Amino acid sequence: MATRQPFTDTDTSDEAVRATCDDATTCKRFATSKSYWKDPYIQYFARSVGERKAPEINRGYYARVRGVNHLLDAFIRKAECDCQVINVGAGLDTTFWRLKDENLLPRKFFEVDFPAVVARKIHNIKTKPPLSKPLIETHSTDSLLLDAHSLDSDRFCIIGADLRDISNLDEKLKKFQLNPELPTLLVSECVLVYMTPSQSSNLVRWAAETFHTAMFINYEQVNMSDRFGQVMIENLQRRQCTLAGVEICQSLDSQKERFLKTGWEHADALDMMTVYSMLPQDDVARIERLEFLDERELLQQLLQHYSICWATKDKHNLGLSQLAF
């Protein structure tokens, strides 16, 4: 009889990282229930609105969603939808459905995450017609590939893979018609920070070597060496969640450096307080009226400890280095 492999620290840490996917989904569900932004699909991934979240958390998620979407949509428009998107560590993200509704779907939208997360997402899609119908509408043949850990249609593909295993990731993406010749956007949100610096550098180097016209958007922690950053790290460690890549989250410069050292031509980074101040201010004024914020200093501290870094390489001269806030 086969003996069961012992449960390791890595398994515990991976499980804790997978749990952060639920945290993000429930926070987004709560914020959308308060009208911070519209997402008619998030309800199919989070059963209930859940307990109340603090106003600064809701505003933080608003800045995250609006900031990432601003760059993502700008890239797709630059490429006139003749491109592909890879969301690495996608979790229960709903971007594919939003882009379809807004007539901004790329040629193909890929998602990659742990097989356990992917299995849950595929189950939700199979059992919820509002999720499956848009998929069927964008698929031209009768046959959709659907198994426990992968879904493949003409325009949408979900793959279960470990981002730390680059050769396996590359093999799976190419099996599902990833096209290295197409302009490609990669997105990661609070994903690279859970990988060691060498693992995340391998991933961004693979992207730079695979695609000649590309953009990588990375949202995650920054300024983590001060007291507020230390408290964030300790809170996550209490949940067995280790920020293995925290040393790259020391500054905006260290965030940019990861890309510039691995083959990307151009990199920019802003903390989320700066991004928040650069979002359309009429909409910011609208969301600030939704809930009273007791301590603006806490919001500022929180937003100063997250950032968006984006890197580009542009053989096709699409003008990617001009994409900004």
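Contact here means heavy atoms within 4.5 Å. The model is predicted, so local features need pLDDT of at least 70 and side-chain atom pairs count only at pLDDT 80 or more, while totals for chains, interfaces and linings use all residues. Residues are numbered from 1 along each chain as its sequence is written, and side-chain values use heavy atoms, with hydrogens and water left out.

**Exercise 1.** Determine where Arg64 is found and which residues Arg64 touches.

*Solution.* Begin with the element: Arg64 is found in helix H2, where helices are DSSP runs of H or I with at least four residues, strands are runs of E with at least two, and both are numbered from the N terminus. Next, take the burial: Arg64 has a relative accessible area of 8% and is therefore buried, a class that means under 20%, with exposed over 50% and partly exposed in between (1.4 Å probe, protein chains only). Finally, not counting residues up to four places away in sequence, Arg64 touches Ala24, Glu189, Cys190, Tyr219 and Met272.

**Exercise 2.** Classify Cys190 and Cys81 as buried, partly exposed or exposed, and give the phi of each.

*Solution.* Cys190, in the loop between strand S6 (184-189) and helix H7 (197-210), counts as buried because its relative accessibility is 17%, and its phi is near 50 degrees, a positive value in a residue other than glycine. Cys81 lies in the loop between H2 and strand S1 (84-88); its relative accessibility is 23%, so Cys81 counts as partly exposed, and its phi, near 70 degrees, is also positive.
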